[in-house]
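Thanks for coming, everyone. Let me put the model up, and then we'll walk through the packing together.

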Amino acid sequence: MSDGIMKRMGLIFRSKANKALDRAEDPRETLDYSYQKQLELLQKVRRGVADVATSRKRLELQLTQLQQQSAKYEDQGRKALSLGREDLAREALTRKANMQSQITDLEVQYQQLQAEEEKLTLASQRLQAKVDAFRTKKETIKATYTAAQAQTRIAESFSGISEEMGDVGLAIQRAEDKTAQMQARAGAIDELLASGALDDASGLGRKDDIEAELERVAGGSDVELELARMKAELTGGSPASGPQAIEPGAAQPQDARPDNPRINYNK
């Protein structure tokens, strides 16, 4: 596999991983984590200040003891010299001189520790101020983010673009589509049954050819009677009652017989 393909795959993997991290990251949790780390650092600085102060205090106690011992040697040498014991006085002053050398070294160390303590104390105070400022800013950002998140969710709910409302909208749309499909199918089946293109398997409502013809003729008679009534209304006469059946053997009217001489059939 070439280097170009490997670089491209690495870029795609990093981009997808970064996108996944963006979705999973909560700024409020990140701020809380950063604040916790700053508190831990401040605690370490404070422990360092305490350790330096303890060492300084220990040196201070040693210096006090050495200075007291040095003063004691001086008193002893003065007393020995007053008693005529010059040799004892010289020994006491020699020990005082050696002790003074230790006092000088301890004083240098004490000054160094004191300067380090002041430096760490100042750093601790500055760090404390930064931590306090960060805490205030953190709480402000968290409150703003929470409010914006709530506002976004409300707006998405009203607009219907949120994931939950989107699922509800899709479910409603599928239900409406399925209902419309079922209604169309039922209407089509009814039309096919009415036209006779589709047999009714249950046998209910099925009409044979004779029944269909009788219904057609009855419908046509109703139309003819209605038409005759309308004509009678327009001419001012009474509607005809329709053709009368002539019983067998009944006498025909005199005027209707063909041999009546009073009727001229050539008119």
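Searching the whole structure turns up one aromatic pair, meaning Phe, Tyr or Trp rings (for Trp, the six-membered one) with centres within 6.5 Å. The partners are Tyr35 and Phe134, and they are stacked, with 6.4 Å centre to centre and 15° between the planes; planes under 30 degrees apart count as stacked, over 60 as edge-to-face, and the rest as tilted. Tyr35 belongs to helix H2 and Phe134 to helix H3 (residues 86–159), so the pair ties together parts 99 residues apart in sequence. Helices here are DSSP runs of H or I, at least four residues, numbered from the N terminus.

A word on the source: this is a predicted model, where local features need pLDDT of at least 70 and side-chain atom pairs count only at pLDDT 80 or more, while totals for chains, interfaces and linings use all residues. Residues are numbered from 1 along each chain as its sequence is written, and side-chain values use heavy atoms, leaving out hydrogens and water.

Back to Tyr35: is this residue buried or exposed? With a relative accessible area of 14%, Tyr35 is buried, because buried means under 20% (exposed is over 50%, partly exposed in between, with a 1.4 Å probe and protein chains only).

Now Ser70, in helix H2 (residues 27–82). Ser70 has 5% relative accessibility, so this residue counts as buried too. Setting aside neighbours within four places in sequence, Ser70 is in contact with Lys96, Met99, Gln100 and Ile103, contact being heavy atoms within 4.5 Å.

Definitions and conventions. Helices (H or I, at least four residues) and strands (E, at least two) are DSSP runs, numbered from the N terminus.
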